[in-house]
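This report examines selected local features of a single structure. The sequence and the model are shown first, and the discussion follows by topic.

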Amino acid sequence: MSEQIDSTHHSAVHDDIVGMEQFNTLPRRIVVVYLPLAVFVFVLLFPFYWMAITALKPNHQLTDYSNYSPFWVVEPTLRHVKYLLFETSYPGWLWNTMLVAFAATFISLAASVFAAYAIERVRFTGARVTGLLIFLAYLVPPSILFIPLAFIVFKVGIFDSRLALILTYPTFLIPFCTWLLMGYFRSIPFELEESALVDGATRWQILTKVILPLAVPGLISAGIFAFTLSWNEFIYALTFISSSENKTVPVGVLTELVRGDIYEWGALMSGALLGSLPVVILYSFFVDYYVSSMTGAVKE
C-alpha cells in the first residue's frame, strides 16, 4: 500500500516537472508568457499614454496628422493643464468627487459590515435567502433605478446638492460590499467567536474586537471597490446635479468642456488623466489586500 502511495506521489511530481518544462526554453517563454503579457500591458496602458500625449500637445498638432505623428509630442506644452486648473471649475469638481466618494464609501462600509455580520454570524432564519437577495439587488442596472431615485430626491428636497449623491450611491455600493464581506466573514473561524461568547463578550465587542481586526483585508477591498465606483459614477451625478459648482469630475469634464460640436480635447484628456490618478494611487498601495480579499470571497 505504501509503495503504491509513493509511486503515485512520484508520478504526480514527475507530471508537474514535465508540465513546467514548457517554460524552460526561451521561445516557449516568449510565446506563452512574454507575448501575452506584453499584449495585456499594451492594451491596459495605451489609453493612459494617449491621454498624456493629447494633454501635452498644442492645439495645432491635435488634428494635423500630415505634419505631426499622432503617437508622439513634438513641442509639449502645459497650456491645457493650466487652462483646466485655473480657468475652469475643475478643482471644485475634484473636491466634490472626493467628498462624495469618501462619504458614500464610509456609509456603505458601515451598513455592509452590519449586514454581512448578521447574515453570516448570527444565522437568523432566512439568512441565506437574504444574502442572495442582497447580491441580486446589485445586478439591477443603475439606468433603471435612477428614475425612482430622482423622484425621491426631488421630493426630499436635496436635488442639485452633494447630499443627493452621498445618499443615493450606497444603493448600488452596499449590495456588492455586503456580498464581499459575507465571503470574508465566512472564512474567519467560528471558534474565535464562540470563545469570546464563553468569556462573556457581547455581540458588539465580538464584532469590533475580534471580527473586524481579522477582516481588515476584506474591509480594504470593499472600500476600494466602493470608492472606485463612487469616483467614476456618471448617471446619478448627471441626473441629480445641475449647477456647475456641484458637479463631479466625470460629469463636469464632459458637460463643461464640450460646447456643441467643439471638443476641447487637450483639456478633456487632462481632466481624464488627473481624475484617474487618485484611483491609480489607491490601488497601488492596497492591491495586495484587494487581490487576497477578492480571492477569499470568491472561494467562499
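## Surroundings of S112

Apart from its neighbours within four places in sequence, S112 makes contact with I174, C177, T178 and L181. The model is a predicted one, and in it S112 belongs to helix α5, which covers residues 90-122. The relative accessibility of S112 is 0%, so this residue counts as buried, the cut-off for that class being under 20% relative accessible area.

## Helix α2 and its bend

Helix α2 comprises residues 26-56. A straight helix of 31 residues would span 45 Å at 1.5 Å a residue, yet the end C-alpha atoms of α2 are only 39 Å apart. A bend of about 40° is located at L45, and the proline P47 follows within four residues.

Several positions of α2 are buried, namely M51, I53, T54 and A55. L56, which also lies in α2, has a relative accessible area of 31% and is therefore partly exposed; that class lies between the 20% limit for buried and the 50% limit for exposed residues.

## Contacts of L56

Which residues does L56 contact when its neighbours within four places in sequence are left aside? The partners are V73, E75, P76, T77 and L78. V74 stands 18 residues from L56 along the chain, and the C-alpha atoms of L56 and V74 are separated by 9.5 Å.

## Packing of α11 and α12

Two packed helices are described by the angle between their axes and the distance between the axes. For helix α11 (residues 203-214) and helix α12 (residues 216-232), the axes come within 4 Å and cross at roughly 70°. Helix α11 is therefore roughly perpendicular to α12, since angles from 65 to 115 degrees fall in that class.

On the α11 side, the contact involves L212, P213 and L214, which meet V216, P217 and L219 of α12. By residue type, the contact of α11 with α12 contains six nonpolar residues, no polar residues and no charged residues.

## Backbone at D160

Most residues other than glycine have a negative phi. D160, a residue other than glycine, instead has a positive phi, near 60°. Its place is the loop between α7 (142-156) and α8 (162-168).

Is D160 buried or partly exposed? With a relative accessibility of 22%, D160 counts as partly exposed, because the buried class requires a value under 20%.

Conventions:
Residues numbered from 1 in each chain as written. Predicted model: local features only at pLDDT ≥ 70, side-chain atom pairs only at ≥ 80, totals over all residues. Heavy atoms only, no water. Helix = DSSP H or I, 4+ residues; strand = E, 2+ residues; numbered from the N terminus. Buried < 20%, exposed > 50% of the residue type's maximum accessible area, 1.4 Å probe, protein only. Contact = heavy atoms within 4.5 Å. Expected span 1.5 Å × (residues − 1). Bend = angle between axes of the 7 residues up to and from the residue. Axes fitted to C-alpha atoms, helices over the stretch in contact; angles between N-to-C directions. Parallel < 35°, antiparallel > 145°, perpendicular 65-115°, else oblique. Nonpolar A, V, L, I, M, F, W, Y, C, P; charged D, E, K, R; others polar.
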